[in-house]
Amino acid sequence: MKLHYEVDGDNFLVAGEASASLKRTLKQLGIDSSIIRKISISMYEAEMNMVIHAYGGVIDVEISTDKVSIILKDQGPGIPDINLAMQEGYSTATHEIRELGFGAGMGLPNMKRYSDHLNVHSEVGVGTTVEITVYLT
Amino acid sequence: MYSHSVTLEQEKCIGCTDCIKRCPTEAIRVRGSKAKIIQDRCIDCGNCIRICRNGAKRAVTDDIHMIYNYKYRIALPAPSFYAQFPKAKNIEQILNTLYHIGFTDVLEVGCAGEVIAKHTYDYVKNATVFPFISSSCPAIVRLIQRRFPSLIRHVLPIISPMELAARYIKSNYLDQGINEEEIGVFFISPCPAKATDIHRPKGLEKSLVDGVLSMQDIYKVMIHKMNTETSKPIKRQSSYKGLSWAMRNGGLDENTIKSHIAVDGMESVIGILEKVEDGTLSNIKYIEALACTGGCLGGALALENPFVSRYTLKKWIEEDMAKGALDNRELLESIGQIPVLFNKDITPRPVFSLDNDMERALKMMEDIEMLYKELPKIDCGSCGAPTCRCFAEDVVKQDATIEECVFMLRKKIKDLSQVMNSLTEPLVQGENDKYRKE
């Protein structure tokens, strides 16, 4: 089944709603709680990144009996050096964002850690697409 | 034996939507103008009791006369109980009145709370999975089993102060050679969840509490006897530290467990548990989560406003502190000998799961999503379900029919009337034309 979410950029008050909604759905599907945890954490990180860096975007989720694939697309500034961004602690967040407790440089590393497959395509000035896959079996 | 402590009085229920909206596990529906509690989902938090303006939701607790089935009748008053008597002279007077209404012995749960606080500290200090979530509020443990099964391993596997108090006092009587059948231990409860807890305990095979009495019921009997002369000298067992268990932080101050969160009120607790599940609170070591706003002071069976209660209790605590530290070390030490760890696993109760077979569950979920898109999404509650989303689930699960939604019914009637109108078109065309001209 397919789910679609629109993520409002720059609104921290509703940031994380898409992840929360997906989490509810996954629980209803009876998916093992440790797997839900992996999906929730990686999607939450990706959703927050979208809000912090890319003025929002769209999320498409596809759930089948063997895996959950999440594709997050934004038209933000893009990531100039993906390898650098994958390093723990590397962050470009502004002081204001850090004050809010975000931007610790754990976003992409956490996504990698909690997903089974992570793909990041990015073009500076065009946008970023993040593909997260978590297997259910 | 009943399985839940929250029940409905049919004749008082007018079928409004107040309770369905406030249930944290979406456990209530209105069907045929009466509320219906879905047993599997109910966590006995008592929210619906508080919200019902017709008094149709009731907590089932034990009858006070039940105490006379026992020769030795021991009352376990929690600190929250003291807060119901803002005008009492002192705590001694409250405890003394318990003897007047028929109890033969009293053990202050507060002192067991002091011991549990110490055990909690030791346990968390040596733990590796963080944060730990307090297990002393049974409604929260039930919530975790149903809504947050992934957090079961975070639940602190330590029994409640109530249970520890009962274990201690019973072992004390047994040591004196008294027959177990003659000992009755009764907890005076601020909430229905505690009543369920003794019949279906969490983390242990069997509770040693024999009965749970409602604070309201005891209060009614007590107010008439408050001024009776003291017949028995009262020796306090709990120090001010134990009393603060009923305040929100569960008696743990910053000096005991650093980096802990004390959260109360169902919605706030759910918010925190979501965060734990998302892994954003792994820097926190311990979470004291209580279902009621104001903690146990705000229990559905408490009489006094929880904020007044907090003031009253603070007053008692200050008075106790002023009197100088109560030396209850010996008592605490003997209570400390009693084992407190859970001896039974807490099992997940995934009541929200649509089907055990994922393929079928996926199909149902697709149907739910499709139907939900059609619904007005205003969550009016007229269908008897708390939200449109929940209604869509009920319809797909065949627990409700689509026409129960007034908007869908209206649409259907409109469609039907158009069909009827078009049916008449070819038959009485002349007539119809005549009306149109007018």
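Which residue stands opposite B:Ile74 in E6(B)? In this predicted model, B:Asp105 takes that place, and the views below set the pair in context.

The model is a predicted one, in which local features need pLDDT of at least 70, side-chain atom pairs count only at pLDDT 80 or more, and totals for chains, interfaces and linings use all residues. Residues are numbered from 1 along each chain as its sequence is written, while chains are lettered from A and ligands numbered from 1 in the order in which they are written.

View 1. Strand E5(B) spans residues 72–77, and five of its six residues are buried (a residue is buried if 20 or more other C-beta atoms lie within 10 Å of its own, exposed if 12 or fewer, and partly exposed in between, with C-beta atoms placed from the backbone). Helices (H or I, at least four residues) and strands (E, at least two) are DSSP runs, numbered from the N terminus. E5(B) runs parallel to strand E8 (residues 183–189) of chain B, to which six bridges join it; two strands pair if DSSP finds at least two bridges between them. Within this pairing, B:Ala75 has B:Phe186 as its bridge partner in E8(B). Strand E6 (residues 105–106) of chain B is likewise parallel to E5(B), with two bridges, and here B:Ile74 faces B:Asp105.

**View 2. The five-stranded sheet of chain A.** The strands of this open sheet follow the order E1-E2-E3-E5-E4 with antiparallel pairing. Strand E1 (2–8) and strand E4 (117–123) of chain A lie at the edges, each pairing on one side only. From one strand to the next, the twist averages 10° (axes are lines fitted to C-alpha atoms, for helices over the stretch in contact, and angles run from 0 to 180 degrees between N-to-C directions). Helix H2(A) packs on the sheet, where it touches E1, strand E2 (56–63), E3 and E5 of chain A, and its direction makes about 175° with that of E5(A).

View 3. A:Ile63 has A:Val68 in E3(A) as its bridge partner. On E5(A), the partner of A:Val68 is A:Val134. Strand E3 (residues 67–74) and strand E5 (residues 127–135) of chain A pair in the antiparallel sense over eight bridges, with A:Leu72 opposite A:Val130. In a regular strand the side chains alternate between the two faces of the sheet. In E3(A), the covered face holds A:Val68, A:Ile70, A:Leu72 and A:Asp74, and the uncovered face holds A:Lys67, A:Ser69, A:Ile71 and A:Lys73.

**View 4. The crossing of helices H5 and H7 of chain B.** The axes of helix H5 (residues 109–125) and helix H7 (residues 161–175) of chain B come within 8 Å and cross at roughly 110°. That makes H5(B) roughly perpendicular to H7(B) (angles under 35 degrees count as roughly parallel, over 145 as roughly antiparallel, 65 to 115 as roughly perpendicular and the rest as oblique). From H5(B), the residues B:Val109, B:Ala112, B:Gly113, B:Val115 and B:Ile116 meet B:Pro161, B:Met162, B:Leu164, B:Ala165 and B:Tyr168 of H7(B). Nine residues of this contact are nonpolar, one is polar and none is charged (Ala, Val, Leu, Ile, Met, Phe, Trp, Tyr, Cys and Pro count as nonpolar, Asp, Glu, Lys and Arg as charged, and the others, Gly among them, as polar).

**View 5. Helix H8 of chain B.** Seven of the eight residues of helix H8 (residues 192–199) of chain B are buried, so H8(B) is largely enclosed by the rest of the structure. The buried residues are B:Pro192, B:Ala193, B:Lys194, B:Ala195, B:Thr196, B:Asp197 and B:Ile198.

**View 6. The contact between chains A and B.** Chain A brings 16 residues into contact with 18 residues of chain B (two residues are in contact if their C-beta atoms, placed from the backbone, lie within 7 Å). Helix H1 (17–28) and helix H2 (33–53) of chain A are the elements that give two or more residues to the chain A side. H2(A) gives the most, with seven residues. By class, the chain A side has seven nonpolar, seven polar and two charged residues.
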